[in-house]
Every structure is written in C-alpha cells, then in structure tokens.
Amino acid sequence: MSDSPLRLPPKPKPSPWTVGLSLGMVVFTVVCARTVGFSFSGLVEDLGRTNPVAQGLVDISWGEMFSERSRRAFLETLQMAVIGTTAGAVVSLPIALWSTEVGNPYLIPRVLLRSFNNVVRAIPDLLWAGLFVLGVGIGALPGVLALFFFSMAVIVKLTADTLDGIDMGPIEAAKASGASHTQMLRTAVVPQILPAYSSYVLYDFELNLRASAVLGLVGAGGIGQRIDFFRGRGDWSKLWGLVLMFFLVVVVVEWLSVKIRRRLV
Amino acid sequence: MSSISTGAPVQLPSKPRDTFKLVVTTAFVVLFGWSAISVDLKWSRLLDAPADMYRLFKAMYSDIPWEELDRLAGLMWDSIAMAWVGTIMAAIFAVPLSFLAAENLVGRPIAWVTRQVFNVLRAVPEVILALLFVPMFGLTPMAGVLAIAVGSIGSLGKLFYEIIENIDSGPIEATDAVGAGRLQRLRWGVIPQVAPELTSFLLYRFEINIRASSVLGIVGAGGIGGVLADTVRFKEYGVAGLALIVVIVGTIIVDTISGAIRRRIVAGRTIDIGEAQMYAVDTGGLS
Amino acid sequence: MIRFDKASVTYPGGVVAMKDLDLEIGDGEFVVIVGLSGAGKSTLIRAINGLVPLTSGGLDVNGHDVPNLSAKGRRQLRAEVGMIFQGFNLVDRTTVLNNVLMGRLPRVPLWRTLIGKYPDEDIQIAAKALDRVEILDRAYVRATNLSGGQRQRVGIARALAQEPKIVLADEPVASLDPPTSHVVMKYLQQISRDLGITTIVNLHFLDLATAYADRIIGLRNGELVFDGPGSEADEHTFRDIYGRSLTADDTMAKQAAL
C-alpha cells in the first residue's frame with residue numbers, strides 16, 4: 001500500500017430530479033395532511049374511544065351468514081360477480097385489441113378508444129353502481145351493469161399493456177401468408193396473450209367479488225344490501241359477523257384463483 | 001409437377017387431452033349457466049337500460065349548475081388528499097408489519113399469521129373499513145384516511161416482505177461478507193436498490209386509492225363521495241352530473257401526473273445503474 | 001416468373017436498400033442471394049411478397065403487378081408465396097399444427113378461423129406438410145418445446161401448407177448450428193426439386209451458398225453485382241460482392257472451427 005492518500009471517485013450527487021421529487025413529495029404530504037386535518041394525538045385519542053361499532057366487532061355474531069336471507073344475498077353476490085366478469089371479459093378482448101397499434105392501424109379511432117378507456121377507468125365501482133341505480137332502479141341489474149363496466153376498465157388496461165410487449169414475428173408470418181387482419185389477430189396475436197388474459201379475467205373476478213360486497217350500500221344488490229340493512233338498524237355485531245364470514249370466503253376464492261392463475265401463465 | 005396435397009393421406013398423431021383445461025372450462029360453464037338462470041333479475045329489463053340511462057344523462061346534463069364547481073373541486077381535492085395521506089400512513093405501518101411477515105426474520109409460523117392478516121386486509125374494501133372508522137372520527141376526512149391506510153397495508157406489506165426475503169440472495173452478499181447485521185444490510189444493501197420501485201409502487205397505490213377515496217363519502221367518510229350520496233337522496237341530478245365530471249377529470253389528471261413520474265423513475269433507474277457501473281470500473285484499478 | 005424492372009426501394013430516412021434492380025427469376029429456380037448485412041437482401045425478398053413496397057420501378061410476380069396491387073390482391077399474392085424467417089416467427093404458445101395451419105388462412109373462411117375449427121382437407125394438407133419435413137409426430141406439441149432446427153422445419157411446413165409457387169427464405173439458418181443448417185438447407189432444396197417451387201434464399205455463409213445454389217445473386221449497397229451459376233462463384237467473386245477480403249465469419253465451416 002502506498003502512503004499517499006487514495007483518491008475516491010467523486011461521490012455521485014443525487015440528480016436534481018431525485019431531489020426535486022423527494023422535496024415535492026414531502027411538501028405534497030404536508031399540504032394533504034393539513035387538508036384532511038391530520039393530527040397524531042387526535043388519532044390516538046379517537047382510536048381509543050369506545051363506540052358501538054367497535055364494540056360490535058368484539059361481540060361478533062358469527063351465525064348471521066347462515067340465515068336464509070344472508071345466504072340468498074351471498075349467492076346473489078356470487079352470481080353478479082360471475083355474470084359481470086364474463087360479460088366484461090367478452091367485450092374487453094376486442095376493445096383491448098382495437099386500442100393498441102398491433103390490432104388497430106388507424107390512429108384516430110385508436111386515440112378515441114383509449115380516451116374512452118381512461119374515462120371508464122376513472123370511475124370507481126361504487127360510482128358505476130350509483131349511476132345505474134339512478135338509471136335503472138335498485139336490484140341486481142345495476143350491480144351487474146356496474147361490474148361489467150368495472151371489469152372492462154381492469155381487463156382492457158392489463159390486456160392492452162400485455163399487447164404492447166408481444167412478439168411481432170408471428171404477425172409478420174401471418175401477413176406474409178396472406179391472412180386478413182382479423183385472421184392475423186386471431187392466429188398470431190390472441191394465442192400469445194390468451195394465458196395472460198385468462199389470468200387477468202380471474203384476477204378481475206376476485207376484484208368483482210370483493211366489490212360486490214359494497215355495491216349493495218347504494219342499492220345495487222348482493223350481500224351489501226344485507227350489510228346496509230344491519231348498518232341502518234345499528235346491529236353491528238351481526239354486520240361484522242357477515243362481513244368477516246364473507247371475506248373469509250373471498251380469501252378462499254382468491255387462494256383458489258391464484259392457484260389456477262399460476263398454472264395458466 | 002406434383003403438389004403437397006397429392007399423395008396418400010397421412011395420419012396425425014392422436015390429440016392429447018388437456019384435463020386441466022377441460023375441468024376449468026366445464027366448471028366455468030356450469031357456474032355461468034347457474035348464475036345467469038337463477039339470478040334474481042329480469043333480463044328483459046336489460047333492454048330498457050339504454051333508454052333509462054339516456055333519460056338519466058339528460059336529467060344530469062341538460063342544466064349543469066356550474067356555480068357548484070368550486071365547491072365540488074374542493075371536495076375532490078379533499079378526496080385526493082385523503083388518498084395520499086392514507087397511502088403514506090399505510091407505508092409507515094406496513095414497514096414494521098412486513099418484518100413480521102418475512103420468513104427469514106421471524107420464522108414460519110409468525111410470518112404465516114402476519115400474511116393471513118395482510119390477505120384479509122387486502123380483501124376488505126375500504127368502504128367497509130370506513131363503516132368502522134366513521135363512528136370513531138365522526139363525519140371527517142380522517143375516517144377516510146384511516147380506511148385507505150388500513151386497506152393499503154395488505155398490499156404494501158406484501159411488497160415489503162417480498163423485498164426483505166430477497167435480501168439473502170444476490171448482490172447483497174458483499175455487505176454480508178463484511179459482517180453487517182440484517183437491518184444494516186436492509187439499510188445499505190437493499191433500500192438504495194429498491195427505492196425507485198418502492199416509490200413507483202407507492203404512486204401506483206395512490207392512483208388506486210383515489211378511486212376508493214372518491215366514493216368513501218357515501219358512508220360519510222369525507223371527500224366528494226358525500227355529495228354523490230346527498231344529490232341522489234335529494235334528486236339533484238344536475239349536481240350529481242357535475243360531480244361525476246369532477247371525479248373523472250380529477251382522477252385522470254392525477255393518473256397522468258403520477259404515471260409520468262412513475263415512467264420517469266423507471267427510466268431514470270437504468271441511467272443510475274449505468275453510472276454505478278462506471279464508478280465500479282474506475283475504482284477497480286485502485287485495489 | 002419474377003421480374004424486377006428498374007426497381008428501387010428507399011426507406012424513410014433516406015437509406016437506399018435497392019437501386020435500379022433488373023432481375024429475372026424463372027419458375028422452379030433455386031436462387032441464393034448473398035451480400036453483407038445491409039446490402040439489401042431482406043429488402044429484395046420482402047419486396048417480392050409486398051411486405052416492403054417499391055418506391056419506384058416495376059415488379060411482376062407470377063402475373064401480379066406488385067406495386068399496384070389492392071389490399072386484397074396483395075393477400076392473394078402472399079397466399080401464393082410462402083415465407084421462412086430467420087427467427088422462425090412461430091407462435092410459441094400454440095401447437096405445431098396450429099402454426100402450420102396459419103399457412104391455410106387465405107383459403108379458410110373467417111368464422112372457421114375465429115372458432116379455430118379448420119376443415120379436414122386443410123388439416124390434411126398441414127399434416128402432409130409436416131410429414132414432408134419429418135416432424136408430423138410433434139403435431140400437437142407446443143412450438144416452444146421444440147429445438148431450433150425443429151422450429152425451422154415447422155416454419156418450412158407452414159410455408160408449404162400454403163401450396164406455394166414461390167418460397168422466400170430470409171436467413172433461414174442464421175440462428176442454427178452447422179449440422180442443423182445443412183438439414184434445413186437440404187429440405188429446402190429437396191422441396192424445390194420435388195414440387196417445382198421457385199425458392200429464393202438469403203444466406204450469409206458462402207460455403208452454404210455454393211453448396212446448394214443453382215444460381216447465386218450478389219448484392220452490394222442495393223445493387224446487383226453478381227449473377228451466375230453457383231458453380232461459377234469462387235473466392236474472387238465473393239470478394240467482389242463483399243468489397244473486402246473474406247474472413248472466418250463468412251463461411252460456416254470456418255466459423256464453426258473457431
């Protein structure tokens with residue numbers, strides 16, 4: 001080792017971008033915290049306060065899920081999720097294809113379709129439900145319609161992202177063999193994305209099952225309507241019993257769905 | 001000249017059976033058939049739906065109350081702030097919890113239990129959580145913030161523990177070799193590496209949470225959702241229509257900005273690695 | 001019969017890939033095109049089935065006036081011209097048979113394509129094409145589970161299933177090892193002879209070119225610099241085509257020895 005001090009290479013300075021972003025996020029957090037009236041001491045105090053709702057969580061009533069009405073509402077939730085997901089999945093594939101360059105060579109229709117997708121994606125599930133309850137009245141129908149649009153938002157987005165990264169080779173091969181555009185999409189593009197697409201549909205089913213638990217809060221059918229009923233009566237122990245049982249089911253369905261999705265991809 | 005199609009026919013091998021596909025397809029068909037038939041729904045009503053929706057849109061947009069715009073935009077801002085504070089709070093809670101879910105830190109049983117907690121938290125929608133927090137915090141945005149925060153702990157915690165579990169492998173062996181403890185390793189070996197991904201995921205979660213926070217008001221947890229519930233109750237279709245536009249525009253604006261930052265972060269990362277490699281080559285001559 | 005008449009291709013950005021090309025290729029010929037990468041080999045091949053449009057000049061392929069074809073006419077032309085690719089261009093996720101059936105698309109009604117139920121005659125043609133390249137037993141295997149050589153044989157079968165009059169092969173062996181390359185070249189040669197299919201192959205390796213070509217066409221900077229029988233091409237010819245002395249990279253045998 002030599003005695004002269006070693007010169008380290010200059011320490012890389014964080015880029016102005018990193019500094020700016022970090023600073024921006026801190027400022028944004030402070031502004032937002034003030035907007036919502038965030039106070040740490042208030043938080044601790046409020047969390048510790050006893051209230052009937054939290055008390056219901058302690059005296060939870062597990063049996064509610066098995067009452068005739070709740071069971072029917074649960075089945076309705078399942079049916080709504082299945083129908084909404086299926087209908088959404090069917091229209092999502094062509095829409096995803098037409099909103100990417102691979103599937104739609106025309107710029108203006110593509111841009112219009114993408115803007116439409118962005119609007120659909122910006123509306124949350126409960127808002128869709130609220131809209132359809134206003135439009136077509138209460139029941140399972142607005143629920144199914146809401147889940148249909150919500151599914152479209154999820155599946156189209158994920159599928160379109162996958163389409164942007166597919167192998168272009170088979171597309172050239174299909175064109176070179178004289179296939180029409182639709183034939184090319186069916187034989188060279190769809191087989192490439194089908195496993196991913198099926199996996200997104202299952203994922204969307206999980207989301208829909210979860211969402212359909214709350215659609216009933218605005219009158220769009222399913223188990224949410226029972227939850228809303230107990231909420232109105234202030235019967236919190238039954239409400240939490242129903243909620244926890246339902247989400248145990250959701251966790252099981254999710255576990256099953258993840259198993260299938262792993263095999264698909 | 002002969003052609004490929006002339007000559008004796010050839011025998012294809014027998015088609016293999018794909019049991020997995022068959023089972024999944026059958027299960028789906030049965031499930032769908034049962035749902036479509038037994039659901040309590042008059043399918044004929046579906047035909048009237050377009051006309052119904054058209055009437056609704058006419059009621060909402062024939063006379064837009066623009067004077068309400070300021071108030072609605074302010075409420076949308078509340079929703080955005082709720083989503084951000086909730087996301088940050090979730091991240092703060094998720095870090096210690098994720099230690100309890102990492103198998104290489106606490107062992108299998110505790111990790112398993114913590115993960116199930118994450119799974120359940122991920123499964124419960126924010127609106128349900130808001131039902132719990134509204135009585136504690138009253139009809140304020142804080143109830144919404146807590147609902148968002150608790151709802152996001154599951155997915156952020158999952159991301160964090162996956163990162164922690166990967167500590168033992170790969171390029172961190174160097175810090176291991178100098179005898180660094182696990183937490184030191186986390187601080188110096190892992191966090192600098194994954195910081196861009198973490199930030200990017202946080203922003204992504206924020207985009208998701210905007211959608212949740214804009215409806216939380218329906219159960220009284222603050223933000224623009226409350227207007228939607230009220231206008232529906234009092235049949236103020238004009239206000240509801242404008243609120244819908246505000247939600248859509250606000251969400252798309254946040255999506256666009258957040259998305260641009262995320263893309264920039266991921267793009268910037270590759271440059272950072274390039275610089276690091278440059279320095280690594282330079283220092284190589286010193287030893 | 002393929003006839004280029006003062007054909008030129010200039011890509012957007014100004015790269016000239018074909019300059020005033022006059023060339024005639026008769027029915028049933030086995031032609032190998034050689035040249036450095038960027039000399040315009042791929043452009044020439046892709047001009048024939050209209051994947052790359054000419055910027056000026058004329059091109060007649062079996063009576064199709066290529067530069068002036070409608071979209072439908074272009075599909076008809078492509079249906080008669082099979083194509084084989086360097087990267088195989090198979091759909092990995094689906095079966096070998098489905099990949100080969102892609103060659104039948106122009107003859108199959110759209111609804112049948114959509115539901116994936118092809119007529120028996122078309123399946124039989126695909127099976128015969130697979131039999132030709134001796135890979136029929138793998139018909140229901142996913143393309144991703146095949147070796148490189150097997151994948152290229154599926155590529156050949158896909159082209160054959162079109163019942164083509166012309167087969168274009170763009171660097172068909174560039175991704176393969178030497179023994180497999182010879183197998184693939186032999187299949188191409190045999191098919192051309194047995195079925196009278198005009199075959200045009202881009203090759204990088206000179207020894208492969210001289211071993212299999214009836215006729216060699218040399219390109220440099222988009223211009224025709226050599227046109228003659230494979231037997232006439234020697235080291236001098238290639239030096240002229242390449243505009244530089246030859247290296248080990250230029251012959252497969254020597255490169256394999258490296």
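**Surface, sheet and core**

Analyst: Start with L23(A), which counts as exposed because its relative accessibility is 57%, above the 50% cut-off for that word. Keep in mind that this is a predicted model.

User: Where is L23(A) placed?

Analyst: L23(A) sits in helix α1 of chain A.

User: Which residues make the nonpolar surface patch of about 360 Å²?

Analyst: That patch is made by L23(A), V27(A), V31(A) and W77(B). Helix α1 of chain A, residues 16-35, gives the largest share, three residues.

User: OK, now the inside. Which residues touch the most other members of the largest nonpolar core?

Analyst: W240(A), F133(B) and F4(C) do, in a core of 244 residues. Helix α3 of chain B, residues 69-101, gives the most to this core, with 15 residues.

User: What does W240(A) touch?

Analyst: Leaving aside residues up to four places away in sequence, W240(A) touches V53(A), G56(A), L57(A) and I60(A), and also I128(B), L131(B) and L132(B).

User: Switching to chain C. What is the strand order in the open sheet?

Analyst: The order is β2-β1-β4-β5, four strands with antiparallel pairing. β2 and β5 of chain C stand at the edges with a single partner strand each, so one side of each has no neighbour in the sheet.

User: How many bridges are there between β1 and β2 of chain C?

Analyst: Six bridges, in the antiparallel sense, between β1 (residues 2-10) and β2 (residues 16-25) of chain C. T10(C) is opposite V16(C) in β2(C).

User: What about the turn in that hairpin of β1(C) and β2(C)?

Analyst: There are five residues between the strands, and G13(C) takes a positive phi near 105°.

User: And how many bridges join β1(C) to β4 of chain C?

Analyst: Five, with the strands running antiparallel; β4 covers residues 56-61 of chain C.

User: Which residues in β4(C) stand opposite I2(C), F4(C) and S8(C)?

Analyst: I2(C) stands opposite V61(C). F4(C) stands opposite L59(C), and F4(C) is also one of the residues that touch the most other members of the largest nonpolar core. The bridge partner of S8(C) is S56(C).

User: How does β4(C) link up with β5 of chain C?

Analyst: Two bridges join β4(C) to β5, residues 64-65 of chain C, and the pair runs antiparallel. D60(C) stands opposite D65(C) in β5(C). β4(C) and β5(C) form a hairpin with two residues between them, and N62(C) in the turn has a positive phi of about 45°.

User: Where does D20(C) lie? And is D20(C) buried, exposed or partly exposed?

Analyst: D20(C) lies in strand β2 of chain C. D20(C) is partly exposed because its relative accessible area is 47%, and that class runs between 20% and 50%.

User: What about E134(C), where is that found?

Analyst: E134(C) is in the loop between α5 (120-132) and α6 (148-160) of chain C. E134(C) has a positive phi of about 55° without being a glycine. With a relative accessibility of 54%, E134(C) counts as exposed.

Methods: Residues are numbered from 1 along each chain as its sequence is written. Chains are lettered from A and ligands numbered from 1 in the order in which they are written. This is a predicted model: local features need pLDDT of at least 70, side-chain atom pairs count only at pLDDT 80 or more; totals for chains, interfaces and linings use all residues. Side-chain values use heavy atoms; hydrogens and water are left out. Patches are made of residues with over 30% relative accessible area and no salt bridge: like charges are joined within 9 Å, nonpolar side chains (Val, Leu, Ile, Met, Phe, Trp, Tyr) within 5 Å. Accessible areas come from the Shrake-Rupley method with a 1.4 Å probe; for residues, only the protein chains shown count as cover. A salt bridge is a side-chain nitrogen of Lys or Arg within 4 Å of a carboxyl oxygen of Asp or Glu. Buried means under 20% relative accessible area, exposed over 50%, partly exposed in between (1.4 Å probe, protein chains only). Two strands pair if DSSP finds at least two bridges between them. A nonpolar core is a set of buried Ala, Val, Leu, Ile, Met, Phe, Trp, Tyr and Cys residues joined through side-chain atoms within 4.5 Å. Contact means heavy atoms within 4.5 Å.
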